[in-house]
Amino acid sequence: MKKIIATLIAGLFATVAYAQNTPATVKAENEASKDVAKAQQKELKADAKADKKADKAIAKANKTHDEAAAHVEVEKAKANEKVAKADPEDKAKAEAKGDKAVAKAEEKAGKKAVKADAKAIKETVDATADKAIAANKTDAVKAKSAAEVKEAAAKH
């Protein structure tokens, strides 16, 4: 019930305000609407561009993870092959060498993964900042437009 009453009261005020509109006020409102629409379009474009940039960085990080994991698996396969080919008395030495090569590959893969993740996080943060800046610009245009409409209404 409260919502219905609030809607009726808001409608009453809107009707009163509309009845007081002059041609200058209407023109200012139309211009304000156009400015706000342009600002919103720019914001949407900036958001899309920022999302695309962040998604690209995340995809690149995922690709780096996959490549690094594949490299580690190749090193493991090479090590196992060398152990299998080794003479029985040299198997322990071959296993140790293989383990060392695998450990080195895992370290390198981990380092690449961390760097890729850091870059993806940075791009995501930059994208979020770009979105916030675009939203701020839109809010500024809305505020400026509202002030211009008030000014036009006050003149007449």
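## A salt bridge between Glu106 and Lys76

Glu106 and Lys76 are joined through their side chains by a salt bridge, 4.0 Å from N to O; the term stands for a side-chain nitrogen of Lys or Arg within 4 Å of a carboxyl oxygen of Asp or Glu. Because Glu106 lies in helix H3 and Lys76 in helix H2, the pair ties together parts that are 30 residues apart in sequence. Side chains of opposite charge can pair when their charged atoms come close.

Glu106 is partly exposed, with a relative accessible area of 41%. Lys76 also counts as partly exposed, at 31% relative accessibility. Here buried means under 20% relative accessible area, exposed means over 50%, and partly exposed is in between, with a 1.4 Å probe and protein chains only.

## The model and its numbering

This is a predicted model, in which local features need pLDDT of at least 70 and side-chain atom pairs count only at pLDDT 80 or more, while totals for chains, interfaces and linings use all residues. Residues are numbered from 1 along each chain as its sequence is written, and side-chain values use heavy atoms, with hydrogens and water left out.

## The chain as a whole

The protein chain has 3 helices and 0 strands, and its pattern along the sequence is α-α-α. Helices (H or I, at least four residues) and strands (E, at least two) are DSSP runs, numbered from the N terminus.

Of the 156 residues in the protein chain, 22% are buried. The chain exposes about 12,000 Å², and 61% of this comes from carbon and sulfur atoms; accessible areas come from the Shrake-Rupley method with a 1.4 Å probe, and for residues only the protein chains shown count as cover. Among contacts in the chain with a separation of 6 or more, 86% are between residues 24 or more positions apart. Contact means heavy atoms within 4.5 Å.

## How H2 and H3 pack

Helix H2 covers residues 23–85 and helix H3 covers residues 91–155; they pack at an angle of about 180°, with axes 9 Å apart. H2 is therefore roughly antiparallel to H3. Angles under 35 degrees count as roughly parallel, over 145 as roughly antiparallel, 65 to 115 as roughly perpendicular and the rest as oblique. The axes are lines fitted to C-alpha atoms, for helices over the stretch in contact, and angles run from 0 to 180 degrees between N-to-C directions.

The contact of H2 with H3 involves 31 nonpolar, 9 polar and 21 charged residues. Ala, Val, Leu, Ile, Met, Phe, Trp, Tyr, Cys and Pro count as nonpolar, Asp, Glu, Lys and Arg as charged, and the others, Gly among them, as polar. Glu75 is found in helix H2 and is buried, with a relative accessible area of 16%. Leaving out residues up to four places away in sequence, Glu75 touches Ala101, Val102 and Ala105.

## Other salt bridges

The count of salt bridges comes to 7. One of them joins Lys131 and Asp51, with the closest N and O atoms 2.5 Å apart. Lys131 lies in helix H3 and Asp51 in helix H2, so this pair ties together parts 80 residues apart in sequence. Lys131 is partly exposed at 30% relative accessibility, and Asp51 is partly exposed at 31%.

Glu123 forms a salt bridge with Lys53, and their closest N and O atoms are 4.0 Å apart. Since Glu123 lies in helix H3 and Lys53 in helix H2, the pair ties together parts 70 residues apart in sequence. Glu123 counts as buried at 15% relative accessibility, whereas Lys53 is partly exposed at 40%.
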